[in-house]
Amino acid sequence: MIPLIRVHGTHAEAGATIGAATRAAIHKHTDALEYDLDLVLRYRGSGIKYLPWVVEELDAAAAAAEVDPLRLFAASVEELHASPVREAATTGCTDIAATPSHSADGHLLVGHNNDLTGGEEHDVVAIEWQVEDEPTIFTLGIGPWISVGWNDAGISVTGNEVSPKDEGVGIPRLLQVRDVLAQRTLQDAVKSILHPARASSYNWVIGQNDYVVSVEGSATAAEGLTPTEEGTLAHTNHYVHPDMLDYEASETVDGSALRLQRAQELLAETGDEPLTRTRLREILSDHENGQDALCRHGQAPGDPQTVFWCIADVTARTVMYGSGNPCDSEAELYAFT
């Protein structure tokens with residue numbers, strides 16, 4: 001089971017609650033962290049300038065967890081911890097979606113497998129955020145670091161890490177996730193994603209109510225991918241849009257491409273049969289292609305491992321999720337009231 005933390009009040013109060021509740025995970029991910037202090041301060045300057053309230057939450061979490069706030073902030077800058085040229089998604093994520101035209105109940109369904117390394121499934125927490133005048137938010141991630149989330153305005157945020165060549169110093173993309181989830185309209189969410197001061201980007205699978213789009217981003221460019229004519233969408237950890245291919249920094253995207261091809265095949269195999277949450281979970285549980293399967297089971301320390309999965313009925317504002325692999329874990333349910 002994934003622990004559920006409920007936070008409310010000011011940004012500082014929310015951060016403090018999360019820091020106290022996830023102290024062990026925060027220390028695990030910060031104690032041995034090596035970083036360039038001057039570079040961290042440059043990223044932090046962008047965070048304070050454009051998203052000061054997110055920095056306030058992180059600082060409060062650091063204080064409650066008894067960690068140097070600069071060390072926790074450094075752990076929040078993914079751009080610092082990846083080589084500019086690397087293999088695509090040695091860990092990675094897989095996203096699939098079914099639009100109302102292809103789902104059994106006429107709702108938008110979005111599924112996601114989150115792959116990290118073995119053992120990290122024990123650090124995953126669910127958080128319900130009721131902070132100041134923001135919409136109510138539900139997230140899954142590790143400590144204060146959000147991987148995916150939804151809000152009661154109908155916004156859905158999942159997606160995949162990509163490797164853009166044009167990363168720079170700016171707003172860390174991980175801080176942007178928190179900001180996107182505070183928005184009430186898809187237009188404002190996309191505006192937040194495309195902030196001109198961003199340091200890099202993800203592939204964002206972003207939706208609201210009945211609509212979804214995949215926004216492949218980099219630090220300086222972005223293109224949208226819409227669902228197929230059959231009403232499905234899939235994405236993994238590499239650029240697909242023709243205008244974004246030149247931004248790919250990964251030396252190989254073979255593993256990510258195998259997962260994408262398999263996800264697309266399984267979605268296409270449904271034909272005219274309407275997709276359900278059960279069927280999306282079956283797709284996320286697929287073991288074809290071994291270590292490059294959609295449902296990944298690490299065979300050795302450091303191997304990619306699916307640490308949590310989720311399937312959201314975005315239209316109905318419910319999220320089914322579970323710890324570890326979707327093939328063998330107990331499902332939990334969150335519903336916005």
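**Charges under cover and in contact**

Q: Why is Asp123 called buried?
A: Asp123 has a relative accessibility of 12%, and buried means under 20% relative accessible area, exposed over 50% and partly exposed in between (1.4 Å probe, protein chains only). Asp123 therefore counts as buried.

Good to know before we go on: this is a predicted model, in which local features need pLDDT of at least 70 and side-chain atom pairs count only at pLDDT 80 or more, while totals for chains, interfaces and linings use all residues. Residues are numbered from 1 along each chain as its sequence is written, and side-chain values use heavy atoms, leaving out hydrogens and water.

Q: What makes Lys28 and Asp123 a salt bridge?
A: Their closest N and O atoms are 2.9 Å apart. A salt bridge needs a side-chain nitrogen of Lys or Arg within 4 Å of a carboxyl oxygen of Asp or Glu, so the pair qualifies. Lys28 lies in helix α2 and Asp123 in the loop between β3 (109–117) and β4 (124–131), so parts 95 residues apart in sequence are tied together. Helices (H or I, at least four residues) and strands (E, at least two) are DSSP runs, numbered from the N terminus.

Q: Why do Arg296 and Asp115 count as buried?
A: Arg296 has a relative accessible area of 3% and Asp115 one of 1%, so each counts as buried. Their side chains meet in a salt bridge at 3.3 Å, N to O.

Q: Why is Glu66 called exposed, but Arg23 partly exposed?
A: Glu66 has a relative accessible area of 59%, so it is exposed. Arg23, at 36%, therefore counts as partly exposed. Their side chains also form a salt bridge (3.1 Å, N to O).
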